[in-house]
Amino acid sequence: MRTHRQILVHADNDPSRGMYRQCRGLQRRPGGTLLLGFALGFVPLTLTAVHGVRPQDSGIASALLNAAQQIGVAIGLAIVSTVSVTATAARLPDALGALHHGRTAGDSTLIAAASDALVHGYSTALVVGALVLAAAAVITALLVNAPRQHTADQAAAGNEAP
């Protein structure tokens, strides 16, 4: 059974949703979903990225894809971390210090305020990440249009037709 790559590239959002649910506590065992989502996402993504590349250039195309993924992860993590820290600081400056001070002093009000600020920051970062993933899914649906590859049997059958 052959499936069009564009459909499977969209399945790459499944691991992201699995990670979001895991962080939000909505799913008890997202590991299987995460693993399946990555498998359904990265293989078609790689195949789509190297589609149409000459065999002698496939190594450099794969290396370029890996470098782009690494850079994308680093930039994405920097953005999400910045959003989290900024949202936390807007709610309570030095929330981690306040949490530590509240724990050592036994001040439950300070602990609650610092915890709320940190959760607000993490939640805001996760929402921003979800919005970026939704935008990426729309862009992928609109821009990725890799034509279907024909197998050797299909190509031979096409050449024999009158």
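Start at Ile139, which sits in helix 6 (residues 108–143). Helices here are DSSP runs of H or I with at least four residues, strands are runs of E with at least two, and both are numbered from the N terminus. Ile139 is partly exposed, with a relative accessible area of 48%. The classes are buried for under 20% relative accessible area, exposed for over 50%, and partly exposed in between, with a 1.4 Å probe and protein chains only.

A word on what is loaded: this is a predicted model, in which local features need pLDDT of at least 70, side-chain atom pairs count only at pLDDT 80 or more, and totals for chains, interfaces and linings use all residues. Residues are numbered from 1 along each chain as its sequence is written, and side-chain values use heavy atoms, with hydrogens and water left out.

Areas come from the Shrake-Rupley method with a 1.4 Å probe, and for residues only the protein chains shown count as cover.

Zoom out to the whole chain. It has seven helices and zero strands. The protein chain exposes about 11200 Å², 65% of it supplied by carbon and sulfur atoms. Of its 162 residues, 20% are buried. Take the contacts with a separation of 6 or more: 64% of them join residues 24 or more positions apart. A contact means heavy atoms within 4.5 Å.

Next, select helix 4, residues 58–91. Its end C-alpha atoms are 49 Å apart.

Centre on Ala61 in helix 4. Its relative accessible area is 17%, so Ala61 is buried. Beyond its neighbours within four places in sequence, Ala61 is in contact with Val50 and Val53. Draw a distance to Ala49, 12 residues away along the chain: the C-alpha atoms are separated by 7.6 Å.

Step to Arg54 and Asp57. They form a salt bridge, with the closest N and O atoms 2.7 Å apart. The criterion is a side-chain nitrogen of Lys or Arg within 4 Å of a carboxyl oxygen of Asp or Glu. A search of the whole structure finds one salt bridge. Asp57 is partly exposed, at 25% relative accessible area.

Now go to Asp94, in the loop between helix 4 and helix 5 (95–105). Its phi is near 55°, a positive value in a residue other than glycine. Asp94 is exposed, with a relative accessible area of 58%.

Finish by colouring on pLDDT, the predictor's confidence in each residue from 0 to 100. The chain mean is 76, and 66% of residues reach 70 or more. Select residues 1–15: pLDDT stays under 50 there, and the model has 38 contacts beyond four places in sequence for them. Where pLDDT is low, the predicted coordinates should not be read in detail.

Terms used
The expected span of a helix is 1.5 Å times one less than its number of residues.
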